[in-house]
Each structure stands twice: as C-alpha cells, then as structure tokens.
Amino acid sequence: MTTNRKIGIIIISSLILVIVLLFAGIGIYQATHFNARITINGTKVGGLTADQALKKLKTMDLKNQVYVGQTLIFNGKSTKSEFSNQDLSKIKSLLGKQRTWWPSSQTENYSAVPGRTDQYRTRALKKEVEAKLKSLNQRLKAPKDAQAYLDHGRIAVSGSEAGKQYDIAKLLKNYDSQEYRSEIHLQPVLLQPIKENSRIVKNEKQRLQKLLQQTVNYQVQNKTYSLAANKLIQYATVSKDMKITINPTGIQNQIAAINRTQSTLDKSYIFKTHSGSVISVKGQTYGWALDAGRETALIENAFENGEKSLKADNVYGIGYNTFGVGYHTTTNNGIGTTYAEVSIREQRIWIYKNGQLVVTTPVVTGRHDVHQDTPTGVWYVMYKQSPSTLKGSEAGSAHYSVKVSYWAQFTDGGVGFHDASWRKNWANSAYLTDGSGGCVNTPPGIMKSVYDNLTQNEPVVVY
C-alpha cells in the first residue's frame with residue numbers, strides 16, 4: 001500500500017468519524033433541548049433544556065391583559081406563575097413531543113398547566129372578563145334571527161341580520177385554552193344569526209302549520225263552540241324552544257260574541273209568572289258573563305298545548321257573589337225552577353223549589369208615594385241572617401235601627417225579606433202610602449217558613 005493511499009484512508013476515516021460524532025452530538029442536543037421556535041404558554045423556550053425551560057416558566061410574570069383581536073378589553077392585576085419543580089415531568093413530556101432528529105425552525109406553541117391552580121386566572125379574572133364582554137355586548141348591535149311567524153293567517157319568515165355582538169361562550173372557551181399565557185388574546189368571534197334556511201326556522205314553520213290545523217271544542221254551559229285556529233288566529237310567533245305566542249284579538253272577539261248571545265249578566269229575562277203570563281224582567285245582580293281576559297288565556301293555552309277540548313272556567317257576576325250566579329242553570333230561560341217571585345201589584349210572594357210552590361204569602365213592599373218602591377228586576381239571595389239588626393233610613397225616619405228575627409238580603413242596596421213585628425197595616429194597598437223603606441215586609445207568623453225555603457244565590461224575580 002502506497003503512502004498516498006494510506007493518507008486517503010486516514011482522511012476518509014476521519015471524516016466519517018467527524019460526521020458520526022456530529023450526528024451523535026446533534027441527536028444528543030435534540031434529545032435534551034427544545035427546537036428554536038418553540039413556546040410554552042407563549043413563553044419562548046427555544047434552545048433550552050427541560051430544566052431551563054421550567055426555571056424560566058417559574059419566574060414568568062403573568063400580565064393578565066386580555067385582548068379581543070388587537071383591542072385590550074381588560075387589564076387585570078399581574079400574578080406569578082404557579083409552576084414548580086413538580087411540573088418538570090410535564091415539560092419533559094413536551095420536550096419529547098416536539099423532538100425532531102434534525103433542528104427544526106417550525107413554530108409551535110404548547111400549553112402546560114401547573115399542578116397548583118391559579119385561582120385568580122381560573123375564577124376571578126375569568127368572571128371579570130365575562131362581565132366585561134357582556135357589558136360590551138350591551139352597546140353593540142345584536143344579530144337578528146330569521147323567524148317564522150303568522151301574518152294575516154299566512155306563514156311568513158323574517159330576514160336575518162348580522163350583528164356585532166361577541167359570542168361570549170366561544171370567547172370564554174378560547175380563554176380556557178390560554179389560561180397560563182401572560183397575555184390572553186381572544187379571537188373576535190361574533191354571534192351568528194339564525195338563517196332563513198336553517199333547521200330551526202323549518203321547525204318553526206312546521207309548528208305554525210300544525211297550529212293552523214288545530215280545533216278546540218269550547219263548552220260554555222251546555223253549548224259547544226268549535227274554535228278553528230285558522231279562523232281565530234291571524235298573528236302568532238314561535239320561540240326557539242317552539243313555544244307559540246298568539247295574538248289574542250281573534251279569541252277575544254269570539255269570547256265577546258259568546259257573551260253577547262249567551263251570557264245573562266245585565267240582560268233581560270223572559271219570565272212566566274204564577275198566573276201564566278209571560279213578561280220581560282231586567283236582570284240586576286243575578287246573572288253571569290265570561291271573564292274575557294282569563295278565558296282568552298285559557299283558550300290560547302289550549303291551542304299552544306294542542307288540547308282538543310275545554311270547558312269555560314272563569315265567569316263573573318256582581319253583588320255579594322262576584323263569581324257569577326246562574327251559570328249552571330239553563331232551564332226556565334236561565335232562572336231555573338227554584339226561585340222567589342215578588343209581585344208588587346199583587347203584594348204577594350211565591351217561593352218555588354224544583355218547580356213546586358212551597359210558600360206563598362201576602363207582603364208589603366216599598367212605599368210608592370215617596371218613590372221608595374222595592375226595586376224591580378232579577379236579583380239573587382245574597383245572604384241570610386237570623387236574628388239580625390237592620391240599619392238605614394226611610395221617609396219619616398232619617399236613621400233607624402231595628403231588630404228582626406229573619407233577614408234575607410237580595411239587592412246590593414240593602415233590600416231584602418224580613419219579618420216586621422211593628423207593622424199594623426197589612427192591607428193589599430198599604431204599600432202605596434204606608435209601605436216599607438224598600439224591603440219586602442213579611443208577616444212574622446210565616447217569615448220563618450219563607451226564610452227556611454230561601455237559599456243563598458237563588459233568583460229573586462221582582463216585577
């Protein structure tokens with residue numbers, strides 16, 4: 001072997017050794033150091049070992065400044081990192097994760113959460129950031145969702161409009177992913193409106209279509225009305241949870257129509273007297289009417305919940321009983337077969353129970369010559385009391401107070417049936433100049449029977 005050949009072999013061997021040593025050194029370095037453009041929680045750790053990176057993270061100050069895009073929205077108090085020696089295994093894990101065989105210039109940012117929780121970052125600061133975002137949203141234009149609605153009985157869809165309000169839920173999720181960065185930069189994600197072709201709007205349209213196909217059978221006394229949604233409901237909206245809100249105008253008009261034709265409050269009654277004659281008597285306190293507001297709400301609720309039928313549940317009246325008297329009475333033109341009949345011309349009363357006459361007696365009604373006549377109309381027995389003290393005024397006596405054994409009031413002005421032990425004049429014409437102050441004076445000997453056969457809320461027909 002020549003000298004030159006020996007020298008060549010030595011040179012090549014040396015180069016190979018150098019290359020092997022170089023690769024070995026690079027491999028060792030790569031195994032123990034982070035690549036150049038690696039950050040952990042936004043802190044540069046390129047070229048550092050796991051121990052050096054942890055040391056740097058331990059001394060890192062958290063500025064706690066929160067940005068949305070490039071805008072600083074909250075400047076929190078600075079805090080120290082919570083990293084400790086116990087977190088070394090996490091840093092070593094990231095070191096292994098980013099390791100490449102050859103030095104890399106690729107930028108990577110890793111997150112590491114210290115074992116000790118930073119209460120300020122996870123609780124106090126996050127709540128303050130959430131409150132700030134809500135405050136900002138109050139001054140920003142909200143997106144307008146597309147929405148299906150009923151207009152003049154037809155289904156329509158309103159257009160959506162973009163807004164400028166932040167999607168706080170997504171921003172806070174982004175906040176959680178940057179929990180241990182010195183500065184927190186949130187991506188400015190905006191709330192998006194519900195679009196016209198969305199599944200939500202399609203469901204709303206289906207809900208309205210279902211509403212228009214509904215019919216509610218509404219029973220008032222013994223009569224049933226078929227209430228069709230497509231005739232009564234002209235305007236309605238649907239919420240995101242598919243709850244219907246109905247414009248009540250059509251239903252209110254229906255209740256008003258039922259009250260005009262069927263209710264009895266403040267209307268005249270056709271009444272057949274004891275003699276068989278048929279007269280018209282103005283309704284006074286006796287009678288009922290539907291409570292339009294409450295019944296409208298009841299029917300609305302039935303449509304909203306898909307109910308097929310319901311009964312009227314809210315009636316009202318006047319006088320002592322404000323819940324309505326006579327609603328459950330449909331016979332005898334609404335007066336029924338149990339009632340008291342008072343004839344001023346004949347000065348007599350008749351009391352009927354289930355269509356049978358049980359008591360009749362002469363009486364003395366209100367004094368006619370001074371216009372204190374017993375008021376005519378259809379009333380009801382408001383209450384009964386035995387014994388009772390009557391107080392009031394009448395012609396010739398500005399103030400009186402008398403005791404009676406039995407009292408049954410039937411007008412809201414204080415007129416009723418009572419015994420009158422002081423009365424001497426029981427003549428048929430006594431009421432003309434010697435009548436009562438308006439009450440129906442009843443002979444003491446029969447008043448108990450009258451009292452016992454009168455029932456609270458039963459009609460009293462005076463004519």
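**Close-up 1. Helix α2 packed against helix α3 in this predicted model.** The axes of α2 (residues 50–58) and α3 (residues 88–98) come within 9 Å of each other and cross at roughly 125°. Axes here are lines fitted to C-alpha atoms, for helices over the stretch in contact, and angles run from 0 to 180 degrees between N-to-C directions. That angle makes α2 oblique to α3; angles under 35 degrees count as roughly parallel, over 145 as roughly antiparallel, 65 to 115 as roughly perpendicular, and the rest as oblique. On the α2 side, look for A50, D51, A53, L54 and L57, which meet L88, I91, K92 and L95 of α3 (contact means heavy atoms within 4.5 Å). This contact has 7 nonpolar, no polar and 2 charged residues; Ala, Val, Leu, Ile, Met, Phe, Trp, Tyr, Cys and Pro count as nonpolar, Asp, Glu, Lys and Arg as charged, and the others, Gly among them, as polar. Helices (H or I, at least four residues) and strands (E, at least two) are DSSP runs, numbered from the N terminus.

Residues are numbered from 1 along each chain as its sequence is written. Local features need pLDDT of at least 70 and side-chain atom pairs count only at pLDDT 80 or more, whereas totals for chains, interfaces and linings use all residues, and side-chain values use heavy atoms, with hydrogens and water left out.

**Close-up 2. Helix α8 crossing helix α9.** Here the axes of α8 (residues 249–261) and α9 (residues 292–304) come within 9 Å and cross at roughly 125°. That makes α8 oblique to α9. The crossing is right-handed. From α8, the contact takes in I251, Q252 and I255, and from α9 it takes in A292, E295, T296, I299, E300 and F303. Sorted by class, the residues of this contact are 5 nonpolar, 2 polar and 2 charged.

**Close-up 3. Helices α4 and α5, roughly antiparallel to each other.** The axes of α4 (residues 119–138) and α5 (residues 168–177) come within 11 Å, crossing at roughly 150°. The two helices are therefore roughly antiparallel, and they cross in the right-handed sense. Follow α4 through R121, L125, K126, V129, E130, L133, K134 and N137 to find its side of the contact; I168, L171, L172, Y175 and D176 form the side from α5. The contact of α4 with α5 has 7 nonpolar, 1 polar and 5 charged residues.

**Close-up 4. The second largest pocket and its lining.** The volume of this pocket is about 210 Å³. On a 1 Å grid over the protein atoms alone, a pocket is an open set of points where a 1.4 Å probe fits, with protein on both sides within 12 Å along at least five of seven lines, and lining residues have an atom within 4 Å of a point. Grid points are joined across faces, edges and corners, and a volume is the space filled by probe spheres set on the points. Among its 16 lining residues, K391, Y400, W407, G414 and C439 are the closest to the centre. Strands β24 (383–385) and β25 (388–394) each supply at least two lining residues, and β25 gives the most, with 6. The lining divides into 6 nonpolar, 9 polar and 1 charged.

Terms used
A crossing is left-handed if the near helix is turned anticlockwise from the far one by less than a right angle, and right-handed if clockwise.
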